[in-house]
Amino acid sequence: MESFYFDRLLSTKAKRRRFLIGAGAVSASVIASQWSHRVVAQPSFSAYPFSLGVASGDPLPDSVVLWTRLAPEPLNGGGMPSINVPVKWQIAEDENMTKVVRRGTAIATPEFAHSVHVDVGGLEPERWYWYQFKAGNEVSNIGRTRTASARNARVDKFRFAFANCQDWQNGYYTAYQHLAQEELDLVVHLGDYIYEYGPESGGPREHNSPEIVTLTDYRNRHALYKTDSNLQAAHAAFPWIVTWDDHEVENNYASLIPEENQSSEEFVTRRANAYQAYYEHMPLRRSSLPQGADMQLYRRFTFGDIVEFNVLDTRQYRSDQPCDDGIKSRCAQAFDPNATMTGEQQEQWLFQGLSKSQARWNILAQQTMMAEYDFNALPDQELFNLDQWDGYVAARDRLLEFLQQRQPSNPVVITGDIHSSWVHDLKTDFSNPNSATVATEFVGTSISSDFPESFIAPTVAALSDNPHTKFFDGQYRGYVRCHLTSDTWQSDYRIVSTIREQNATISTLASFVVQNGRPGAERT
């Protein structure tokens, strides 16, 4: 039986490169029906074409998406000629790639930056697979992936981690080195996968261009981030479910409203460029293929009877931030009943899904902090972050009232964005500590993006005025590891010792448990 693995072992180049499982990841999907360029059956490359590694994602019980991108010169537009290139793929039941169960060929096209998304069907539920790509005489690293459990299957335990906010310039991704070594079924990324800013001096590394605007700009920025070996290792170790926040396009954008200094027409073009590059570099199905400046990203994943993920998009459809944005007192706009984080269609999709769910744990995977938090400890003035749900009070009230009335099983919100660690009880009335707790929120710190040091002490000082907040830390970076059984949910806040050096150690800062049927978290 043909195996890319043994092909590579026999090649001199392969012996020099010594690919290791988990050593690399990334690329995007290729639409095989697009044949606007000639196909080169046996291409040659200026350098190793799988420089961005491999990845997998969006697992279903019988299928998973495999991803890679041909990029011999990753920071120079990819360095590929304007031709279609066949990319062979195979998926096996063993890490040596000897028990191949599916194989095929995808066409990497210049229209999609020679990225490949292969939706592999016919797989068995709840099992590990290994996969690999080949283009010409070059072979990719081996990645590992896992299918979801059958929808109605009994599942005793489920482990995943969630991560977010990985500013390249601010520090190293050592957290991903440790995450890749965890025992997990899945990784969820909650946004700010890239940052759009230009170079900034003083950090451990710099961006590779001025602030990004064009499609080429966004492609090169994604490629820069994907060259990180620790990020590649984490992609290659587990399937990922991804969603975005704002920096994948521009800081604090809302729907088709830019942050500043762009016309509406310019921003629509910029958003279309950003969305296409995001699709090209993520393991997403063709159902998420962008249509100009629009892209379907909210979606749902079920893992047996234990957990269902509602993956939200709170940027593409949201109303503009009220009161001129920022951290300030709320104006009347913040209570506008027509204001929305998700748009009406996504909100109804969420409510319908939660109503029908049969899972023990129901996750809302989303971007900005849902709990109310008054950052001012003084009684004379309230200060709220109006880019968060605190700027969309009516939309939050609708969601929390729905959870109270319909009572889906164990709703848990997982959140990114704010570069710090939090645990909240989500209340029907945050001004009344005795009001009902209807859900739990775990907010994960960043992989590398900083929480302002000057803001840590005031935030801590305000904790006593926010009794629904069980935990806050703004000092450490890392990710959150979650272990679910039918009886308990445990979240471990995993932190690295530093992001300024590449040999950081990992430890657990705090752990919290939610008991089945009892919303709200308790520290262990």
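The structure holds 1 cavity of 30 Å³ or more; on a 1 Å grid over the protein atoms alone, a cavity is a set of points where a 1.4 Å probe fits but cannot get out. The model is a predicted one, in which local features need pLDDT of at least 70 and side-chain atom pairs count only at pLDDT 80 or more, whereas totals for chains, interfaces and linings use all residues. Residues are numbered from 1 along each chain as its sequence is written, and side-chain values use heavy atoms, with hydrogens and water left out.

Rolling a probe the size of a water molecule over the atoms shows where empty space is left. The largest cavity contains about 50 Å³ of space, a volume being the space filled by probe spheres set on grid points that are joined across faces, edges and corners. Its lining, made of residues that have an atom within 4 Å of a point, consists of Met341, Thr342, Glu347, Leu350, Phe351, Trp389, Ala395 and Leu399. Two or more of the lining residues come from each of helix H7 (344-356) and helix H8 (393-406); helices (H or I, at least four residues) and strands (E, at least two) are DSSP runs, numbered from the N terminus. Helix H7 makes the greatest contribution, with 3 residues. By class, 6 residues of this lining are nonpolar, 1 is polar and 1 is charged. In this classification Ala, Val, Leu, Ile, Met, Phe, Trp, Tyr, Cys and Pro count as nonpolar, Asp, Glu, Lys and Arg as charged, and the others, Gly among them, as polar.

Glu347, one of the residues lining the largest cavity, lies in helix H7. Its relative accessibility is 11%, so Glu347 counts as buried (buried means under 20% relative accessible area, exposed over 50%, and partly exposed in between, with a 1.4 Å probe and protein chains only). When residues up to four places away in sequence are not counted, Glu347 touches Thr342 and Arg398, contact meaning heavy atoms within 4.5 Å. Glu347 is 270 residues from Gly77 in sequence, and the two are 38 Å apart in space, C-alpha to C-alpha.

Open space was also examined. The largest pocket holds about 470 Å³ of space; a pocket is an open set of grid points with protein on both sides within 12 Å along at least five of seven lines. It is lined by 23 residues, of which Asp417, Ile418, His419, Asp450 and Pro452 are the closest to its centre. The lining of the largest pocket divides into 8 nonpolar, 8 polar and 7 charged residues.

The nonpolar interior was considered next. A nonpolar core is a set of buried Ala, Val, Leu, Ile, Met, Phe, Trp, Tyr and Cys residues joined through side-chain atoms within 4.5 Å. The largest such core has 45 residues, and those with the most contacts inside it are Tyr176, Leu179, Trp240, Tyr278, Leu284 and Met295. At least two residues of this core are supplied by each of strand S9 (157-163), helix H3 (174-179), helix H4 (215-226), helix H5 (229-237), strand S11 (240-242) and helix H6 (264-280). Helix H6 provides the largest share, 6 residues. Tyr278 touches His222, Val242, Thr243, Trp244, Glu248, Leu284, Met295 and Leu297, again without counting residues up to four places away in sequence.

The structure holds 1 disulfide, defined as a pair of cysteine sulfur atoms within 2.5 Å. It is formed by Cys323 and Cys331, whose sulfur atoms are 2.0 Å apart. The torsion about their S-S bond is about -90 degrees, so the disulfide is left-handed. Cys323 counts as buried because its relative accessibility is 10%, whereas Cys331, at 24%, counts as partly exposed. Cys165 is in no disulfide, and the nearest cysteine sulfur, that of Cys482, is 16 Å away. Cys165 is buried at 1% relative accessibility, and Cys482 is buried with a relative accessible area of 0%.

Asp192, although not a glycine, has a positive phi of about 60 degrees. This residue is found in the loop between strand S10 (186-189) and helix H4, and it is buried, with a relative accessible area of 1%. Asp325, likewise not a glycine, has a positive phi of about 65 degrees and is found in the loop between strand S13 (307-311) and strand S14 (327-328). At 17% relative accessibility, Asp325 counts as buried.
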